[in-house]
Every structure is written in structure tokens, then in C-alpha cells.
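Hi,

Here's the structure I said I'd pass on.

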Amino acid sequence: MNKNFYITTPIYYPSAKPHMGHAYSSIIADFFARSKKIQGSNVFFLTGTDEHGLKIQRAAEKKGMNPKDFCDEISITFRELSKTLNLTNNDFIRTTEERHFKSVQNLWNILEKKNEIYLSKYSGWYSVSDEAFYTDDEVENIDGVRKSKISSSQVEWVEEESFFFKLSKWEKPLLKFYDENPKFILPESRRNEVISFVKSGLKDLSVSRKSFSWGIKVPSNDQHVIYVWLDALTNYLSALNYPDVKDKLFKDFWPASLHLIGKDILRFHAVYWPAFLLAANIPLPKRVYGHGWILSGEEKMSKSKGNILDPIEIIKEYGLDPLRYYLIKEVSFGNDGNISQEKLEKCINSDLANNYGNLCQRVMAFIEKNLDSQIPNKIEFTNEDLAILENFNNSYQNLLDYIDDQDINSYINYILERLFAANKYFNDEEPWKKKDEIIRLNTIIYVSLELIRKITILLYPIIPASALKVLKVFEIKENEIEFKSIRNNNYLKYGKKINRMSILFKKIEKND
Ligand code: MSP
């Protein structure tokens with residue numbers, strides 16, 4: 001089994017401060033990074049900012065700033081957001097860094113040397129907001145404004161000398177690759193979209209621009225800057241010290257295990273990126289997962305639509321773990337999800353405060369009061385006790401598969417089902433009525449503690465700080481968390497004192 005796991009988020013445009021959509025991609029990526037880490041994988045988790053191109057240049061001009069100063073200012077807010085979101089990223093890359101220039105220009109040189117790039121002229125539509133070229137068929141005229149049918153963003157006509165990448169040549173090899181690697185693009189519905197797009201015929205792709213200068217220069221012709229998507233996608237290699245392919249990071253972590261992206265940028269990751277890599281003879285990433293959008297109202301949240309929810313504000317009001325939990329649980333992974341404060345509050349109250357928080361609180365309070373804060377000593381499991389504990393062992397392989405297939409929905413459903421079972425167990429067994437049957441009482445409490453421990457380990461990648469508060473009760477530290485320990489029914493040491501648990505989640509009370 002390959003123990004190295006390389007996961008990436010998209011690198012974000014620092015054209016404005018981060019919003020909930022960005023936070024979503026990052027939180028999901030962190031969920032996978034933490035999940036793999038506690039399974040014993042050696043994880044490299046990358047995020048960063050995508051700083052070149054006309055979109056950024058224009059945003060800087062609007063503020064009367066030069067693009068580099070502008071990016072410096074906003075990129076910091078994305079870096080800070082990574083900390084606020086408690087991400088475990090190993091690196092934060094900026095495409096304006098020297099290491100990235102070297103890497104992009106190297107890739108360009110290879111493509112040029114291999115005759116995959118030629119000089120010609122581009123005339124067609126371009127969306128600055130998407131940094132994407134569109135064909136006539138992909139553009140519609142709405143009230144006199146030309147817009148992309150795919151993204152609804154405005155397009156403008158471009159005519160200029162440009163280098164082209166021979167994308168058309170890779171149509172068949174790409175289709176063969178998708179066929180041989182059925183899980184390269186997930187979810188399935190997006191894979192089908194990509195395949196039909198490629199089958200409809202690929203045209204050569206314009207990969208340089210001449211009419212502005214904010215970008216990485218084409219090494220052989222300094223009048224051109226490299227197309228921002230060729231530049232941006234290469235970040236995944238740059239962070240591993242490419243072009244030094246003998247570097248340990250590159251050897252250990254390339255090809256990437258998972259590029260996690262939003263569905264809006266699937267074409268770039270699932271068509272252009274593998275084509276560039278095939279042409280340069282660099283191994284292809286193992287998977288591209290295109291998640292859905294966070295909707296505010298019925299629309300995708302974006303700066304131009306003015307419907308942005310600020311993750312920082314939400315975190316200030318409700319805390320980070322509730323937001324992480326909510327985004328991971330309530331947005332059915334792979335689909336779009338509509339978020340609202342009302343639903344967030346409901347989720348905090350019912351799942352976190354009532355279901356999980358209350359179970360922990362009740363069991364801990366009971367031990368403190370009746371068992372002198374000690375993990376019970378003498379216990380005798382009944383078959384029913386063993387069955388509820390063994391469930392985790394029996395489901396172990398499924399849980400690993402859920403993570404490897406990015407099936408977050410099944411993973412979280414399993415947790416919810418186990419939480420329900422654990423609450424029911426504690427209620428039905430009524431330990432408060434068993435004060436004369438000390439062995440039975442001990443056993444009920446021991447089983448309840450083991451259930452809390454196992455569920456908490458499953459919750460750790462979702463709500464890490466809260467899970468750590470619970471694990472602290474048992475003196476389990478972050479670097480000691482092992483996913484496989486959910487198979488163990490006797491992990492907790494008999495007779496050991498437990499620590500006091502700090503408050504987990506506060507219920508949101510309505511003042512009206
Ligand atoms: N810079 C490019 C990505 C280059 S990757 C080599 C880009 N940046 S972006 O800032 O516009 O968006 C990055 C990602 O943020 C999207 O792909 C998506 O993952 C996430 N989201 C942005 N808005 C979103 C929502 N409203 N909902 C969910 N995620 C969306 O594209």
C-alpha cells in the first residue's frame with residue numbers, strides 16, 4: 001500500500017478576500033488530509049494563491065495598486081484563513097514565488113522542445129472572470145451582453161498573436177486514459193460531462209497572451225506571458241520542488257493522490273492539466289474530485305453577485321468546528337448545497353450539542369459523580385455490549401473505502417447512526433438504576449466510554465479541536481490518534497483516572 005498521500009486545494013484568486021466557497025474547498029481537503037494522517041499515511045497537503053492574469057491585473061488597477069503589492073495584501077488573508085480554519089496544510093504556495101517561475105518555465109520549455117506548442121493567432125471569446133476561452137457555441141447574447149453559457153460570466157472578443165498547445169492531438173489518449181482509470185474523475189456525473197466534452201472534439205488551446213504583462217514570461221519570447229491556467233496548474237508540481245525530479249518531495253508525492261476542486265474548474269483539471277502532463281511525459285494525478293457549489297439563496301456565491309457569506313464572521317459568531325461540521329455534513333458532498341444561518345443553528349443544536357455533546361457530558365458527569373472519575377475496573381461484557389462495540393470493527397473496511405472514494409456522505413451517516421446507537425445504549429441501560437449491580441454498572445460505563453472514544457476518533461477529521469477536548473479526557477494526544485484503534489474494544493485502561501472535559505458546544509438559544 002502506498003503510504004504517501006498528496007492532496008491539493010485549488011489555488012485561490014486573491015482578487016478579493018476569501019469567502020465561504022473557498023473555505024469549503026479547504027475544509028474538505030483538510031478532512032481528507034487528517035483522515036489519511038490518522039490512518040498512518042504520510043500526507044502532503046497544499047493550498048495557496050493564484051496571482052497572475054488579467055483578472056488580478058484589473059482588480060489591482062481598480063484599487064490603483066501594482067499587481068504584486070495588491071496580491072501581497074490579499075494573499076495574506078488567504079494564508080490567515082488557513083490558520084483560522086485549522087488546516088493542516090504543509091505548504092502555502094504563491095504563483096508569484098521564484099520557485100514557481102522556475103517550474104512553469106521548465107514545463108513550457110519541455111512542451112516547446114517536444115513540439116507541442118506553436119505560434120499562431122487567436123481570435124475568439126475570452127472571459128476574464130473565468131480566465132477561459134470560449135467558442136462561439138459556448139457564448140450567448142443576453143440583453144446585448146455576451147456571456148458564457150457555461151459560467152454566465154461576461155466574455156470579450158480577443159484577437160492577438162498567441163502560442164497554442166496541441167490539445168487536439170490528446171483527444172484520443174485522454175479518452176483512453178479516462179477509460180482505463182474510471183475513478184480519475186469523480187463524482188461519476190462529472191466524469192460523464194468531461195468525457196462528452198472531450199468526445200465533442202478538442203481544439204488547440206491558446207496558452208499565451210500578448211496584450212498584457214502580468215504573468216510569467218514565455219522563455220523563448222518575452223512579448224508573451226504564459227496563459228494563467230497553465231501557470232496556475234503547475235503549482236501542484238512547483239510545491240514539490242519540480243523541476244528537480246530527484247528531490248525527495250517530488251519522488252515521494254508525485255503523482256498527486258487527489259486534486260480537490262470545485263466543479264467550475266473541472267475542465268482545466270480533468271482535460272487541460274492531464275493533456276499538458278501527457279505531452280510533457282509527466283505522470284498524471286490519480287484523482288480529480290469536482291465538488292458542488294455553496295449556494296447563497298439559489299446562486300453560486302461570488303464577489304460579482306454580491307452574495308458572499310464571510311466565513312470569518314460565521315466563525316466569530318458560532319465557532320470553527322460547528323462551521324466545519326455543518327459544511328461537511330449538510331452539503332451533500334458532490335452536490336450543490338444551500339447554506340443558511342437557520343440551518344447552521346439547527347445543526348449545532350441537534351447534532352453537536354444534543355447528540356454528541358450531551359452524550360459526552362452525561363457519561364463524564366456520571367463517572368465523576370459515581371465512580372470517582374475512574375475508568376471502571378471490573379467489567380463483564382454481555383453479547384449485546386460486544387455487538388455494539390464490534391460494529392466499528394465490522395465496518396472498518398467500509399470506513400476506509402468511504403475515505404478513499406471521497407464518499408463523505410456515507411462516512412458521516414455512519415457516525416450519526418453510531419451516535420444514535422450510543423445514546424440509545426446509555427438511555428436503555430439506565431446505569432443510574434444499577435447502583436447495586438456494580439459490575440453491570442461498570443460495564444455500561446466502560447462500553448459508553450469506548451463508544452465515545454471511537455466516535456470521537458471518527459469525528460476528529462471533521463471537528464478536530466472539539467474531538468481533541470474529548471480525547472484529552474483519556475489523555476490521548478493529537479499525534480497519538482490512530483484510526484485503527486476504533487477496532488479495539490479495550491483501549492481504555494481499567495482504573496485510570498480521567499480528566500475533566502471542557503465545554504464542547506453551547507446550544508444556540510433563540511431570544512424571540
Ligand atoms: N484560481 C483558480 C483555481 C486554480 S487551481 C490551479 C480559481 N480560483 S477561485 O478563487 O475562483 O476559486 C477556487 C475554488 O474555490 C473553486 O474551484 C471552488 O473550489 C471554490 N469555490 C469558489 N466559489 C465557490 C462556491 N460558491 N462554492 C463552493 N466552492 C466554490 O478558480
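**Two helices side by side**

α16 passes α17 in a left-handed crossing. Keep in mind that this is a predicted model. The axes of α16 (residues 408–429) and α17 (residues 438–459) come within 10 Å and cross at roughly 165°. That angle is over 145°, so the two count as roughly antiparallel. On the α16 side, the residues making the contact include Tyr411, Tyr414, Leu419 and Phe426; α17 brings in, among others, Ile444, Val447, Leu451 and Leu458. Counting up the contact residues gives 14 nonpolar, two polar and three charged.

**Around the ligand**

The ligand has 25 residues around it, and the closest are Ile11, Ser25, Asp50, Gly262 and Ile294. Ile294 also puts a polar backbone atom 2.7 Å from a ligand nitrogen. Gly21 has a backbone N or O atom 3.4 Å from a nitrogen of the ligand, while for Tyr13 a backbone N or O atom sits 3.1 Å from a ligand oxygen.

One runs from Leu186 to Pro187, with omega near -5°, and Pro187 is in the loop between β9 and α6. The other runs from Trp254 to Pro255, with omega near 0°; Pro255 belongs to the loop between α9 and β14.

Asp372 isn't a glycine, yet has a positive phi of about 55°; look for Asp372 in the loop between α13 and α14. Gln406, also not a glycine, has a positive phi of about 55° too, and lies in the loop that leads from α15 to α16.

Cheers

Methods:
Residues are numbered from 1 along each chain as its sequence is written. This is a predicted model: local features need pLDDT of at least 70, side-chain atom pairs count only at pLDDT 80 or more; totals for chains, interfaces and linings use all residues. Side-chain values use heavy atoms; hydrogens and water are left out. Axes are lines fitted to C-alpha atoms, for helices over the stretch in contact, and angles run from 0 to 180 degrees between N-to-C directions. Helices (H or I, at least four residues) and strands (E, at least two) are DSSP runs, numbered from the N terminus. Angles under 35 degrees count as roughly parallel, over 145 as roughly antiparallel, 65 to 115 as roughly perpendicular and the rest as oblique. A crossing is left-handed if the near helix is turned anticlockwise from the far one by less than a right angle, and right-handed if clockwise. Contact means heavy atoms within 4.5 Å. Ala, Val, Leu, Ile, Met, Phe, Trp, Tyr, Cys and Pro count as nonpolar, Asp, Glu, Lys and Arg as charged, and the others, Gly among them, as polar. A residue is near a molecule or strand if one of its heavy atoms lies within 4 Å of it. A polar contact is a pair of N or O atoms within 3.5 Å; within protein, one must be able to donate a hydrogen and the other to accept it, and residues adjacent in sequence count only if both atoms are side-chain atoms.
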